[in-house]
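Please consult the sequence and the structure below while reading.

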Amino acid sequence: MADKQTIFIVEDEQNILKLVSLHLKKANFDIKEFSKAEDFLNSMREQLPSAVILDLMLPDADGLEICKYLKNSSEYRDIPVIILTAKSEETDRIVGLELGADDYISKPFSPRELVARVKTVLRRYQYPAKNNDTETIGKIMTINTNRHEVIVKGETINLTTTEFNILKILLSKKGWVFTRENLLTQLWQGEKAVIDRTIDVHVKNLRKKLGEAGKFIVNVRGIGYKIEE
Ligand code: CA
C-alpha cells in the first residue's frame, strides 16, 4: 500500500482544527495541525504536504494572502489548497478561488463532505506534469509540458487546451491505460454534464492533428486510452 498522504491544516479555532483533523485521520490521512500561519510556513520548508486546508481568518495572517503566496510560488504551486470559510464569507470564497485555491469548505461542514472534497482535490493532482520535462515519443514527437508545445517531425502542432491536457495526462504514465472516466475526472473535475464520448471526440481530433504521431495514442477497446511507442 502507498504511504499515507499528509494533510496540513491551518486553523486557529481549536474545536474546528480538532474536528477536521479527526475526520481526516479516520479517512487514513496523516495530519499536521497549525494554529498560526508562521508555524505552517516554517513547516512547509521542511516537508511538502499532499494538500493544505487553510482557514482564511488567522490571528497572524490573512489566509487569502497565504493562498496567493502559495499559488504564486513555483515550489508550492502544485500543492492543492482547500480554503475553510464561514458561510457568510462568500466574497472571500470567490476571491480564494480566483487566487488559485482548489476548492473550499464552508463552516459548518459535514465530515463526509470534508473527506470527499479532500479526496477529489487529491485525485485531480494524481498525475502532475513532470517538472521541466520534454519528452520524445517514437523519435518523431516531442512534447514540452511546461511550454504547452508539441512538435511532430519538426512541425509545431496547434492543439486546444483540452487536447493538450489529454496528451499530458496520457504521458504522465506512459503505457498506462486511462479510462474515459478517469480522463473526464481529471479534465473536468467530474462535471456530470460531460459525457464519456466527449473524450472520444477530443482524442479523435488530437490524433488527426498529430498526423503520423497519432498512432501513439492507442484505444484500448472497452477501457480507454494509452500512449504506446
Ligand atoms: Ca479563524
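With a relative accessibility of 29%, aspartate 12 counts as partly exposed; buried means under 20% relative accessible area, exposed over 50%, and partly exposed in between, for a 1.4 Å probe and protein chains only. The table sets this residue beside two others.

| Residue | Relative accessibility | Class |
|---|---|---|
| Aspartate 12 | 29% | partly exposed |
| Methionine 57 | 53% | exposed |
| Asparagine 182 | 23% | partly exposed |

The model is predicted: local features need pLDDT of at least 70, side-chain atom pairs count only at pLDDT 80 or more, and totals for chains, interfaces and linings use all residues. Residues are numbered from 1 along each chain as its sequence is written, and side-chain values use heavy atoms, without hydrogens and water.

Asp12 (OD), Asp55 (OD) and Met57 (O) coordinate the calcium ion at 2.2 to 2.3 Å. Donors are N, O and S atoms within 2.8 Å of the metal (3.2 Å for Na, K and Ca); water is not among the atoms, so sites may look incomplete.

Helices (H or I, at least four residues) and strands (E, at least two) are DSSP runs, numbered from the N terminus. Asparagine 182 belongs to helix α7, residues 180-188. Its C-alpha atom is separated by 25 Å from that of glycine 211, 29 residues apart along the chain.

In another part of the model, Ala37, Phe40, Leu41 and Met44 of α2 meet Ile66, Tyr69 and Leu70 of α3, where contact means heavy atoms within 4.5 Å.
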